[in-house]
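Welcome, and please open the structure in your viewer. We will walk through it stop by stop, selecting a few residues at a time.

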Amino acid sequence: MKLAHHLTVQNGHLKISGQDCVALAEKYGTPLYVTSEDRICEQFQSYKKALSARYPKVQVLFAAKANGNLAVMRALAQLGAGADIFSSGELHLALVAGMAPEKLLFNGSSKTPADLKLAVEKGVKVSVDSLDELHQLDAAARQAEKTVKIAFRVNPALEVPTHPKIATGLATSKFGIPHKEIPAAYREALACKNIQPVGIHCHIGSQILDIEPFVRAAEVMVRIAKELTNMGVKLEFIDLGGGLGIPYHHDTDPSPSPEDYAAKVIPFFKAGVEACGITPELWVEPGRSLVADSTILLTRVNSTKSAHKQFANVDAGFNLLIRPAMYDAYHEVIVANKADAPHTTEYTVTGPICETGDILAPDRKLPELAAGDIIAVLDTGAYGFAMSSQYNSRPRCPEVLIRGTQAGLMRRGETVADITATMEHPAWQR
Ligand code: LLP
């Protein structure tokens, strides 16, 4: 199987950034998420380099929903990243991680009055999703005697080749304002006393392996930029969103790079903004393509079973990685302690959750397995831990970060006490 260069096999063991996965599993226990900080930095730099080589003003915002660990966000903050934040919680994380407020875009289709108030107070830009929200934000800014810089989230009505649950720019999706109604929305924003419209924002979907849809999105956005510029809107940024996919099937999926993205998208973008006579900042908001392949989930085989097929029952389930259950997502698996053994037996790797759908990897040819073996589930740095739960009252596992030759916890494992910590007995039970 093709592996990115931070994953290697030595003496039968899988290594991540030079660290032995079996030793990490022994030291920290399983299940365990392990992330290579070096790999995240490398991916960020390749975005920055590919875009900056072709356009003078570029801002890479990390989509914090993909991985909200503070250590991951701090690593990115130190490289100058901003963030796409989708909640007050993510706003808080981004600031604590050291990201500058002016590099944050508060997205979201259903913001609370408290979200809007916080956005005003912290001085972050807001991607406004409806006219109702616009007026609520204007009122919140007036109350605070401030002006808020905004973009509108454009719904570009684009079909994209991805799972329907993660196509976000369809005409029928809940996100954004239909592109035809966008000029009217800006007219309304220009009339708001405490709102300054300075950007446009879109996001067409996630796990898109073809660059073409991003080119179409850029075309829609520069067309809108032209109309808005003619209308007198001074555009400071155009945010093309995230969405670049990664090759979860290592040997067969296309693997579009930031370089491929930039080479195709920027020429359209550049020509479009030049035609408007403006040089706004280009913003992108990648999540998955920055962090997914930096991380593996190590899980131990509790038992094997031969029923109508061979099952490997492991200690991580959809409580820790919901993507296979939720989107039928494919993740490569490697037996970390038998990484160069022949693949002789077909197994379905199943988690410990009380649900038939708790399958991490169906029907995979693997080395013969025994209780105690360690399986690494690859490409789990995006929407992995971030979407985890305590279902079946399972404490969430720890996360380890690796930098150079060092490894350290970036999140301790939860205990049962953490599960009960927020629970209370109502008065009549006390
Ligand atoms: N910006 C906005 C406004 C978004 O809604 C998203 C993702 C991103 C950026 C980042 O997209 P990315 O570069 O990661 O594709 N849980 C799903 C993915 C949901 C994506 C939602 N929005 C999964 O596990 O596949």
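**First stop: the ligand**

Select the ligand together with E285: a nitrogen atom of the ligand lies 2.6 Å from an N or O atom in the side chain of E285. Keep in mind as you look around that this is a predicted model.

An N or O atom of the R323 side chain is 2.6 Å from an oxygen atom of the ligand. Then pick K65, where a polar side-chain atom sits 3.3 Å from an oxygen atom of the ligand. How much of the ligand does the protein bury? On its own the ligand exposes 590 Å², and the protein buries 94% of that.

**Second stop: aromatic pairs**

Next, turn to the aromatic rings, which form seven pairs in this structure.

Now move to F152 and Y186. This aromatic pair is edge-to-face as well, with 4.8 Å centre to centre and 80° between the planes. F152 is in strand β9 (residues 148–155) and Y186 in helix α7 (residues 182–190), so the pair ties together parts 34 residues apart in sequence. Both F152 and Y186 are buried.

**Last stop: a three-stranded sheet**

Finally, select strands β1, β2 and β3. They form an open sheet in the order β1-β2-β3, with antiparallel pairing. Why does one side of β1 and of β3 lack a neighbour in the sheet? β1 (7–10) and β3 (19–20) stand at the edges and each has a single partner strand, so one side of each is left without a neighbour there.

Zoom in on β2 (residues 13–16), which is joined to β3 by two bridges, the two strands running antiparallel. To end the tour, pick I16 and look across to Q19 in β3, which stands opposite.

Note on methods
Residues numbered from 1 in each chain as written. Predicted model: local features only at pLDDT ≥ 70, side-chain atom pairs only at ≥ 80, totals over all residues. Heavy atoms only, no water. Pairing = 2+ DSSP bridges. Helix = DSSP H or I, 4+ residues; strand = E, 2+ residues; numbered from the N terminus. Phe/Tyr/Trp six-rings, centres within 6.5 Å; stacked < 30°, edge-to-face > 60°. Buried < 20%, exposed > 50% of the residue type's maximum accessible area, 1.4 Å probe, protein only. Polar contact = N/O pair within 3.5 Å; in protein donor to acceptor, adjacent residues only side chain to side chain. Areas by Shrake-Rupley, 256 points an atom, 1.4 Å probe, with all protein chains shown as cover.
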